[in-house]
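Q: I have a new structure to look at and would like to go through a few residues. Can we start once it is up?

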Amino acid sequence: MKPYLSPLVLQRADPYLLKHNGKYYFTATCPEYDRIELRCADTVNGIATASARVVWNKHESGELACHIWAPELHYIMGKWVIYFAAGHIPEIWKIRPYALICKGDDPMKDEWVEGGMMQPAADDEYSFTDFSLDMTVFEHKNKWYAIWAQKFGTEEAPTPISNLYIAEMETPTKLKTVLVLLTTPDYDWERQGGFWVNEGPAVLKSNGRIYCSFSASATGACYCMGLLSIDENDDLLDPRRWVKSRYPVMKTDESLKIYGPGHNCFTTGDDGEIVTLLHFRNYEKITGDPLDDHNRHAHVMRVQFDKDGAPLFLPDKAQLYNIPFENEKQKNINA
């Protein structure tokens, strides 16, 4: 099989790759945190050189004015929708999930309009009332579900905990059911770097089970990936039916120069195989705030599976960093 480019796209964190009607569509967090772009190509590697179309720019103030993060493109309920997180000016950490809706059938040519902030179910008093981001959606048995990360702040706690929640959807921009807690940072590997975090969910169906990978801890080298799963015939809104991995399924590997892997997605590769797209850095030390270091590049990995059909995240050393690339200059680091 032809190797995928590594990195596939430079300086694009939180990458999302969708295959739809034979075309690949790519979006990710832009390093300026100020816009949403789409790329389209016939192959996975074609994304690397595809022209980017800016479909939306941030507002100057108020909501949707900063921290434009983690867009995902979905075709849901007959519409093209981009889900993304955005902050507020002057309240820059007032981050919530929003939607853009395409007015036509071609996301690369047709007009995109704002669909507003995601709305909770009528009897839900909690969804999206605090820091919320990284929404993904998926269909199962003719129902659509949303999974997202949300913090609930307290006056006593200096850093609120980020959990993952799930709900059924009524429309592409509104929930049908109240939120259900999927996972909270239970283990030490989910509590590193000064933050207790579960975020970045991604859904994959395999061998009669539904898997949800997620990212944990702060966004430096301690960032890593965990895994949830449930039988496809169980009630997805029953948190007792979900099983969580005791240990991370992917983490920093210094021997491979993989630092802080996470925020992945799943899609079908050029040869019909399952692939994951995720970001990581090729060095550990970061100057200043990790959010100001934009060298989390998007990489493609072929997913392997164990005997029960659970996904395995095993980088191929022979295909890792297989093209020349250049990072931003790091002052006095990694010379």
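Q: Which residues is Tyr165 in contact with, leaving aside neighbours within four places in sequence?
A: Tyr165 is in contact with Ala146, Ile147, Trp148, Gln150, Phe152, Leu179, Val180, Leu181 and Leu182, leaving aside neighbours within four places in sequence; contact means heavy atoms within 4.5 Å. This is a predicted model, where local features need pLDDT of at least 70, side-chain atom pairs count only at pLDDT 80 or more, and totals for chains, interfaces and linings use all residues. Residues are numbered from 1 along each chain as its sequence is written, and side-chain values use heavy atoms, with hydrogens and water left out.

Q: Is Tyr165 buried or exposed?
A: Tyr165 counts as buried because its relative accessibility is 7% (buried is under 20% relative accessible area, exposed over 50%, partly exposed in between, with a 1.4 Å probe and protein chains only).

Q: How far apart are the C-alpha atoms of Tyr165 and Leu182?
A: They are separated by 5.1 Å, and the two residues are 17 residues apart along the chain.

Q: Switching to Thr267, which strand is that in?
A: Thr267 is in strand β18, residues 259-268; strands are DSSP runs of E, at least two residues, numbered from the N terminus.

Q: And why does Thr267 count as buried?
A: Because its relative accessibility is 11%.

Q: What does Thr267 touch?
A: Not counting residues up to four places away in sequence, Thr267 touches Leu17, Leu18, Lys19, Glu273, Ile274 and Val275.

How values were computed: Helix = DSSP H or I, 4+ residues; strand = E, 2+ residues; numbered from the N terminus.
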